Amino acid sequence: EKFKLPFFDFFDRNLLLLFVSFLLLGLIMVYSATLPLPSDNERHFFWNQMRGHQIHLILGVLVFFIFLHIPTEILKSFSGALFAFGLSLLFCVGLLKFFGGQDFIRDGAVRSIPLGPITLQPAEPMKFFSILFASAYAIRRNDRIRDSLINGIAPIGFLMCILIVFLLYQPDLGSTIVITLTVGAILFLGGMNLRVFIPLFLGLCLFFVCMIIFTDWRLDRLLSFVTPCDQEFSANVGYQLCAALVAFGNGGLFGTGLGTGVAKLDYLPLPHTDFIFAVIGEELGFVGISLVLVGFYFLIKRSIEIGRIAMSQERIFAGLVAQG
């Protein structure tokens, strides 16, 4: 008992253990995914090899502890300001693409704001800001979202349209889908009537389908998803996914061993970011990726449970944020 830390009594200990486990796994796997070849002397320094991941980790933990000390009522009152701040950051990204041209384009898109040695991708904090804003909106306009599609959705719908335009201009359809569907889910959990929710959900799905069908490169990526290693796809739009499947196949049940995967040696593009899961699959095998998926299952399950507990205690905003 003398070693007990009162500060940690505020935590859900199982959830905290899961967070720490994910952070450590991420640190280890990014390190493994960027292991240099013997001839690549510049990357033998740990700092250079990690490509800034350790900075992201430190910043994330700092923000985590800061937000632990911010009462939810303050987050609720500043949710609109944070959402507006996020929109302004996305507007800055749009300006960079419009005026900066090729200097800021990375992998065919402009999604980040350079800040010295690191970059800020506004779509990421915007996911959190949108959850806060939608949760506060669902409480403030609860009577309207229950009965009226126009009166209930028009104000937040207008702002979401601005958000969608900014994101699609980058372009970033993935973040657009995540944010809009999350906001829709929060409004539904906050009391939106099914008569209002169903037309809204179907309209969003139709919009996203049209965005894919009428954009050739998006449609090609979707078509290649089923058979990425076919000859017509493997050398272009299906290349990354095919290389990832090869990595999973090479890993088998128990993996090749930590640090021993070969997909990251210029076979699999972006192994330390977008395709880190393929590196986990190759080096830790089916058992490793199953543990990761089970971890995410418990993360989601516990978040929903915490949200329900909060809402049962009339802490509606906190409950919606947790479930969001």
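## Helix packing and cores in a predicted model

Me: Which residues in α6 meet residues in α15?

Reply: From α6 come Ile131, Leu132, Ser135, Ala136, Ala138 and Ile139; they meet Ile316, Phe317, Leu320 and Val321 in α15. Contact means heavy atoms within 4.5 Å. By class, the α6 contact with α15 has 9 nonpolar, 1 polar and no charged residues. Nonpolar covers Ala, Val, Leu, Ile, Met, Phe, Trp, Tyr, Cys and Pro; charged covers Asp, Glu, Lys and Arg; the others, Gly among them, count as polar. The model is predicted: local features need pLDDT of at least 70, side-chain atom pairs count only at pLDDT 80 or more, and totals for chains, interfaces and linings use all residues. Residues are numbered from 1 along each chain as its sequence is written, and side-chain values use heavy atoms, with hydrogens and water left out.

Me: At roughly what angle do the axes of α6 and α15 cross?

Reply: Two packed helices are described by the angle between their axes and the distance between the axes. Here α6 (residues 123-140) and α15 (residues 316-323) have axes that come within 9 Å and cross at roughly 140°. That makes α6 oblique to α15. (Under 35 degrees is roughly parallel, over 145 roughly antiparallel, 65 to 115 roughly perpendicular, the rest oblique.) The α6 and α15 crossing is right-handed.

Me: Which residues touch the most other members of the largest nonpolar core?

Reply: In soluble globular proteins, nonpolar side chains tend to be buried together. A nonpolar core is a set of buried Ala, Val, Leu, Ile, Met, Phe, Trp, Tyr and Cys residues joined through side-chain atoms within 4.5 Å. The largest one has 25 residues, and Met126, Ile156, Leu163 and Leu187 touch the most other members. Elements giving two or more residues to this core are α5 (79-100), α6, α8 (149-169), α9 (173-189) and α10 (194-213). Helix α6 gives the most, with 8 residues. Leu187 touches Ala134, Tyr137, Ala138, Ile145, Ile153, Ile156 and Met192, leaving aside residues up to four places away in sequence. A second, separate core of 17 residues includes Leu18, Met29, Ala278 and Val279.

Me: Is Ser130 buried or exposed?

Reply: Buried means under 20% relative accessible area, exposed over 50%, partly exposed in between (1.4 Å probe, protein chains only). Ser130 is buried, at 2%. Ser130 sits in helix α6. Beyond residues up to four places away in sequence, Ser130 touches Phe83, Leu163, Ile179 and Val183.

Me: Where does Ser303 lie?

Reply: Ser303 is in helix α14 (residues 276-312). Not counting residues up to four places away in sequence, Ser303 touches Ala322 and Gln323. Helices are DSSP runs (H or I, at least four residues), numbered from the N terminus.

Methods:
Axes fitted to C-alpha atoms, helices over the stretch in contact; angles between N-to-C directions. Left-handed = near helix turned anticlockwise from the far one by under 90°.
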